[in-house]
Amino acid sequence: MIGRILAGRALRSFADGFIAVVLPAYLLALGLGQLEVGVLSTATLLGSALTTLAVGRWGHRFSIRRLLLVAALLMAFTGLGFAGLSSFWPLLVVAFAGTLNPSSGDASVFMPLDHTVLAAATDRTSVFARYSFIGSMAGAVGALGAGLPEWLGARMSMLDALRLMFVLYAVVGVAVWLLYLRLPDPHAEVERPAVPLGPSRGIVWRLAGLFSIDSFAGGLVLNSLLALWLFERHGMSLAAAGAFFFWTGLLAAGSQLAAGPLARRIGMINTMVFTHIPSSLFLIGAALASRLDLALAFLLARSLLSQMDVPARGAFVMSVVTPAERPAAASFTSVPRSLASAISPSITGAMFAAGAMAAPLVACGVLKIAYDIALFAAFRQVEARASESQAG
């Protein structure tokens, strides 16, 4: 069962990898502006947040397998919708209702469902690290595919070549649906609670509040917006940007394998905080760099550290709630994050349109550092107590 979840993550991340880079180029080719790119990115995250909220509130009543199948079909329809539409308002509707992910991580309704299944593993942090590693690797390979439209452009119009990438996204959605079709029902192993959250409600809401700060900051520099920044600030080509995001994904993937051993040695909270702060400093350095090579060097260094907190964060949430609360905890810690990050892209789009190209990157770095300090102060003792209770 875990193998199918990991395979599904790989397929989805492959599609997300090229879509995150292709999306701004496609929207610009349709005649939309920087502000519209930001608004559409906001719509994708806002829709994902509301869908994830619905899963957290009512999903415990249904089979996880059934919810995953519905989400996979929604992914296929999202790709077809973007491929077949050209006007801003219809695209906005599809972006809001669909599964498009303009970020470097899994920001869709799939995430809490996946986490619920993975939480049954014995070495939870290592399994979450594998989940993140596979997603980052597949996303990196997918980012290379962003150069495909330029190759196809010699045989068809660039706009048609970009549309084909969304058709490919839909095909991946169908493949994911076929994969989940044979997924066993994990509800046989997870008790259905009468209410989604019980004794862990307080800690879940505190975590959700802190995670939302991190996600608001991250939403300022989604991969799609970072690609737009590279296009507009430094004149990178689509193919070069795809190659760059391949390497950032590769570095992020490799670093996530170290998250499990590091968390066992220094703890999950320390792993999250002590890798995240340096990555934010590198982002600020990239924003202030005047040359492309320096900016790319800072961004690559950032990628080596910025995602190590992801498996530790997922494992930490699952470790401080009861098994019956895990689906709701995964959803309710994800929803405020998605809602917060949904606001940010429009702000970045407005900053770019106003000519403040460095401001979103600097703001992201500063806010993330503030989040790390607050997380460390609030939860360093909670992890120790959770470990003691599990040992007892």
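Is R291 buried, partly exposed or exposed? R291 counts as partly exposed because its relative accessibility is 45% (buried means under 20% relative accessible area, exposed over 50%, partly exposed in between, with a 1.4 Å probe and protein chains only). The model is predicted, so local features need pLDDT of at least 70 and side-chain atom pairs count only at pLDDT 80 or more, whereas totals for chains, interfaces and linings use all residues. Residues are numbered from 1 along each chain as its sequence is written, and side-chain values use heavy atoms, with hydrogens and water left out.

**Salt bridges**

- The count comes to five salt bridges, each being a side-chain nitrogen of Lys or Arg within 4 Å of a carboxyl oxygen of Asp or Glu.
- R291 pairs with D293 in one of them, at 2.9 Å from N to O, and D293 is partly exposed because its relative accessibility is 44%.

**The network around D214**

- Salt bridges link D214, D309, R313 and K368 in a network.
- D214 forms a salt bridge with R313, where the closest N and O atoms are 3.5 Å apart, and this pair joins helix α9 (residues 201-219) to helix α15 (residues 309-319) across 99 residues (helices are DSSP runs of H or I with at least four residues, numbered from the N terminus).
- D214 also forms a salt bridge with K368, with the closest N and O atoms 2.6 Å apart, and K368 lies in helix α17 (residues 359-391), 154 residues from D214.
- D214 counts as buried at 5% relative accessibility, K368 is buried with a relative accessible area of 11%, and R313 is buried as well.

Technical notes: Helices (H or I, at least four residues) and strands (E, at least two) are DSSP runs, numbered from the N terminus.
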